Amino acid sequence: DLTTEESFQLIDQIRETGRPVFVLSGGEPLFRPDIYDIAEYATEAGLPVAMATNGTLIDDAVAERIKASGVKRVSISFDGADAATHDMFRGLPGSFEAAIRGFKALRKVGLPVQINTTVANHNKTQLESMLQLAKDLDAVGLHLFLLVPVGCGVEIAEDQMISAAEYEQVLNWLYDTEQS
């Protein structure tokens, strides 16, 4: 990990090249005690700041701090459209409900929140349910990702990667859904 000062230097370097969206992600960015300082620094540097989180550490106070730090959008990862699927994949009972609470806390303070979902064998039949969850939570978007066997994806790729034909089905579903 970069130190706080190194993070500020990186932001300065990025700002010299333009104004890309600066996404605070991880792992879990909220584990960093200086995450709000980094978000504020990037905001003051003129970068639009977003945060990608699992949502489980967000309560009303954290949501307020995220907003006050200048974050303009948050994404929360959901690995399933229901607690059983999400919690089983995460290996952490209660994580689905904690993510829902975090999502609602962010919406309560007026932050736009999107759902990020990596489509894999454990949730590939839940696309319609994921879309409904996004609508029910007033998400600004449902962003689908396909599992790439790099990093932690290498460990789960053999069991979780969907086939090429299934990838095509997901992409067709996404296209058809956006057209309707």
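The side chains of Asp60 and Lys108 form a salt bridge with an N to O distance of 2.9 Å. Asp60 belongs to helix H3 (residues 60-68) and Lys108 to helix H5 (residues 95-108), so this pair ties together parts that lie 48 residues apart in sequence. A salt bridge here is a side-chain nitrogen of Lys or Arg within 4 Å of a carboxyl oxygen of Asp or Glu. Helices (H or I, at least four residues) and strands (E, at least two) are DSSP runs, numbered from the N terminus.

The model is predicted: local features need pLDDT of at least 70 and side-chain atom pairs count only at pLDDT 80 or more, while totals for chains, interfaces and linings use all residues. Residues are numbered from 1 along each chain as its sequence is written, and side-chain values use heavy atoms, with hydrogens and water left out.

**Overall architecture**

The secondary structure consists of eight helices and five strands. From the N terminus on, the order of the elements is α-β-α-β-α-β-α-α-β-α-β-α-α. The C-alpha atoms fill a box of roughly 45 × 35 × 30 Å along the principal axes. Of the 180 residues, 44% count as buried. Buried means under 20% relative accessible area, exposed over 50%, and partly exposed in between (1.4 Å probe, protein chains only).

**Salt bridges**

The structure holds five salt bridges, including those tabulated here.

| Pair | N to O distance |
|---|---|
| Asp60 and Lys108 | 2.9 Å |
| Arg90 and Asp79 | 2.4 Å |
| Glu166 and Lys124 | 2.6 Å |

Arg90 lies in helix H4 and Asp79 in the loop between strand S3 (71-77) and H4, so the pair connects parts 11 residues apart in sequence. Arg90 is partly exposed at 35% relative accessibility, while Asp79 is buried at 7%.

Glu166 and Lys124 form a further salt bridge. This pair links distant parts of the chain, with Glu166 in helix H8 (residues 164-179) and Lys124 in the loop between strand S4 (113-119) and H6, 42 residues apart. Lys124 is partly exposed, with a relative accessibility of 29%.

Asp87 is located in helix H4 (residues 83-90) and is buried at 13% relative accessibility. The C-alpha atoms of Asp87 and Glu97, 10 residues apart along the chain, are separated by 9.1 Å.

**Backbone geometry**

Most residues other than glycine have a negative phi, and most peptide bonds are trans. The peptide bond from Gly26 to Gly27, however, is cis, with omega near 20 degrees. Gly27 lies in the loop between strand S1 (22-24) and helix H2 (35-44).

Asp138 is a residue other than glycine with a positive phi, near 65 degrees. Asp138 is placed in the loop between helix H6 (127-136) and strand S5 (141-146), and counts as partly exposed at 45% relative accessibility.
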